[in-house]
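Take a look at the model below, then follow the questions and answers.

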Amino acid sequence: MKTQDDFSIKVEITQRNMAEGVADLGKDYGCDCLYYRNLRLESGRIYGLISEYGQGCMYLSWLLGGKTDTDELRISWNDKKMCRKDLEKISWNLEPSGEKYRNAVVIKAIQKAIRKNGLPDRFSDIQTRFFLSPPRQDRKLLHLSGERWRASAALGFVEGKKIFYAPYKTSSFYYAMCQSGLLKALKELADSGAVVLLPCGSDSFLRHIVDECVYLDQAHDCYMEELQGRYQELFGHGDWIRDVETRENSRVMQAIQDRRSVRGYAAEAVPRETVEAVLRAGMRAPSAKNRQPWRFIVTTGRAKAQALDVMEKGLEREKASPFLPESTQHLQGAWHSLGIMRQAPVIIFVVNALGVEMGKGLTSDQRVSEICDAQSIGAALENMSLAAEEQGLGSLWICNTFFAQKELGDWLGAEGELYAAMALGYAEGNFLAGTRKRMQDVVEWRG
């Protein structure tokens, strides 16, 4: 039933039946190309904007969110022409990481908006409607990991926004987020009369949570098997395209899929309890003979700066007197790692407390023990990187510390040998997964 608050948004071609537009979405997102079509979006509905990345879904989301514009489209609200500034006033980005409100504390920001807009709601009402967990209400939105979109939706709701848009995400992202309550928040927005835009590369799973899928690319009718085959042929890594409805309902598998090597960090400090959650995951890793050879030295602030100054001196020394003479071609990469480490608010140095000094001759038994310890520490680091992902943190597993092995070892003053470092912090920017070899290239079955 229509009410006076209902609205429709029209996107119309102004020059011809179909036009092609290209938008620069910034350094974190690159470009997206949209083959425009005449569209009509109704209030109170959730739309999946479906295309392969770079073929329009994110462009259209950003366009209606007031983040980009074009001269070839006419956008109207109940037949009244809208410009980019008009859209900016009524739109809300569900992903807070790139927005000014990213550092807002959940309860304070929502209470302030309730007072400003004269709403009858209390914070507890909004908390219930958007499935916000009380233990996290005093955190900044940026620090909420899987809950940040729900909190963002709640804040946009009390601010009275009418268009809620998102950056490009995979179908598996929405699969995981809806398990954690995102769908409840999206339905609240739709029930309030807003339009919700979710750009995605596939309608798999998404078609079950949106009211309508809008297909933007030219080949949207291809089957998933065909799409996977096409990516396999072009890039040799099509295994990532899968039907998420058949995937195991597993937070671990989701963390494995979503984990990235993060090489850009925000300046925000990471709460100690969050770092300790990552460390506990590392300490739960399996180890040979339960030796648990790892020792973790956590550095922040001044201590981190001192450690990295020491590493820099080691890299300078490596130029003149290389500790790793056969690896000099990788020294520039170590300098790049050092720059990333200076950005990250937390650097964890991982020491093998049972390790033998590097370069020292080993007996066969010592060599076996060293290999087993390396595997154990590798398991701990992997646990930590997955726990960081689950906690909403970015991480980078770093081995370039070996170029400054003596300098860092002396500074750390820990028994054993430095094996690796891990950078932790809140990711700044989007980071693509590295390509993976095909299963048939690395797996041999014998029966």
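Q: Why is E99 called buried?
A: Buried means under 20% relative accessible area, exposed means over 50%, and partly exposed lies in between (1.4 Å probe, protein chains only). E99 has a relative accessible area of 18%, so E99 counts as buried. A word on where such values come from: this is a predicted model, in which local features need pLDDT of at least 70, side-chain atom pairs count only at pLDDT 80 or more, and totals for chains, interfaces and linings use all residues. Residues are numbered from 1 along each chain as its sequence is written, and side-chain values use heavy atoms, with hydrogens and water left out.

Q: How do you know that the side chains of E99 and K67 meet in a salt bridge?
A: The rule asks for a side-chain nitrogen of Lys or Arg within 4 Å of a carboxyl oxygen of Asp or Glu. For E99 and K67 the N to O distance is 3.1 Å, and the pair passes.

Q: What does the pair of E99 and K67 tie together?
A: E99 sits in the loop between β8 and α3 (106–116), while K67 sits in the loop between α1 and β6 (73–77), so the pair ties together parts that are 32 residues apart in sequence. Helices (H or I, at least four residues) and strands (E, at least two) are DSSP runs, numbered from the N terminus.

Q: Is K67 buried or partly exposed?
A: K67 has 31% relative accessibility, so K67 counts as partly exposed.

Q: What makes D125 and R122 a salt bridge?
A: Their side chains meet at 3.6 Å, N to O. D125 is partly exposed, with a relative accessible area of 26%, whereas R122 reaches 56% and therefore counts as exposed.

Q: How many salt bridges does this rule give?
A: The count comes to 22. Among them is the pair of E42 and R40, at 2.8 Å, N to O.

Q: Why is helix α1 called mostly covered?
A: In α1 (residues 57–64), 8 of its 8 residues are buried. They include W62 and L63.
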